Amino acid sequence: MSPAVKPTYHQTSLDEIRDRARVDAEGHVYALPSEPGGEEKYVGQYSAGGEDEALQYFTRKFDDLYNRALLLAARVATQADSAAHLRASREQLVSELEEGTWLGDVEELRSLLSEVQAGIEAIAAEEAKQNEQALAAKVAVREEIVAEAEALADADPDSQHWKTAQARMAELFEAWKAEQRTPPRLTKAQEDPLWRRFRDARSRFERSRKAFFVRRDKEAAEIKRAKEELIAEAEALQSSTEWGATTKAYHRLMDRWKALGRGPRKTEDAQWARFRAAQDVFFSAREQANAKIDAEYAENLKRKEEILEKLRELMPFTKPEAVRDRYLKLIEQWDAAGKVPRGDVKRMERAIAEVQEAYREATGAGRSPREAARSDRQNEMLTQLEETIEQLEQDLAAAQASGDAARQKEAEEALAARRSWLEMLKSA
């Protein structure tokens, strides 16, 4: 019968015990042998009553032990305690049963205790299985901690976010200690290899971190020193009036500045402010010079407008020979008047071209179709170049205003090339 279905209370009847024991005249109680030829076992003496009272006294002691065994069986059936606790309770009952002399069905109680033992072993087996699974889970958690620590230790120092990584390594160490405090505990053989890996990963991480910052500090000092040299060069150029050459020199300085990379933010910002200030002095002076030139070009434009008006008064050149000297003198004055503002170049060139073409046709010195086609192509190229130059000048001004060094360099290089082509085309 399973412990789960055993009665919850055991009581030996007086009739049953009369067949198992006897009481002598002096109240001594003996347990009769269970088999023929066996020996009686002395149980004890009860002198406070008659035979039935003596039998009942020793029977109640047996029933008490039996009921404690039934209670244990119920605890085993419901798995109310751990196997170790249940096993200790059973061993206590077995010890009492074997050490004492009882009036009752001892063999039945032994059988009950054997069934209880089987139940306890089943619980112990399940506990062992669960403990094994819990240990495996514990080992897996430790493995994850170690693996992440090793990944942090082996990461590329230059791409590692050290502040975040250091905080995470500290969290992993706290997680390791928390795992040590919570059951089940790993065996030494399980824990030691994992701990050595974790300890080594933390050590490698710290060595790598310290080496990185030592190297970074050294690099930062070198960048600072090199940028101080660039600042000195920039400051030496800031008063130059060689606009083209100095502009190119500043471009080269900017390229060298960017190639050095960034230093620590505080130092970098302060150095950049000084480097930029030196450039601003030069470019501000250049802009003022350009503004002065533009003002001069405005005067040139006014002069050319007056010359053009006088040339148009000579048209339509019905008698070109009569106005030849005056025409040539005005053309000479036109050339001597100099450049005009960029926005008026094409308009003025078209206007003078119309006058010159009209004079050539009037004198019979018109161009051949081939020359005309070539001139048209040149004029078209000139127009396109001038439009491109005008757009590049606008791009350069925008780049300077925004402080975009890369864009400024690109615009200046393109502008220098187009201006060179324009001069070559005009010379041709």
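Trainee: Happy to start with the helices: in which crossing does helix 8 pass helix 9?

Mentor: This is a predicted model, where local features need pLDDT of at least 70, side-chain atom pairs count only at pLDDT 80 or more, and totals for chains, interfaces and linings use all residues. Residues are numbered from 1 along each chain as its sequence is written, and side-chain values use heavy atoms, with hydrogens and water left out. Helices are DSSP runs (H or I, at least four residues) and strands too (E, at least two), numbered from the N terminus. A crossing is left-handed if the near helix is turned anticlockwise from the far one by less than a right angle, right-handed if clockwise, and helix 8 passes helix 9 in a crossing that is left-handed.

Trainee: Are helix 8 and helix 9 roughly parallel or roughly antiparallel?

Mentor: Helix 8 (residues 265-314) packs against helix 9 (residues 320-336) at about 160°, with axes 10 Å apart. Angles under 35 degrees count as roughly parallel, and over 145 as roughly antiparallel. Helix 8 and helix 9 are therefore roughly antiparallel.

Trainee: Thanks! Is Ser208 buried or exposed?

Mentor: Ser208 sits in helix 6 (residues 188-237). Buried means under 20% relative accessible area, exposed over 50%, partly exposed in between (1.4 Å probe, protein chains only). At 15% relative accessibility, Ser208 therefore counts as buried.

Definitions and conventions
Axes are lines fitted to C-alpha atoms, for helices over the stretch in contact, and angles run from 0 to 180 degrees between N-to-C directions. Angles under 35 degrees count as roughly parallel, over 145 as roughly antiparallel, 65 to 115 as roughly perpendicular and the rest as oblique.
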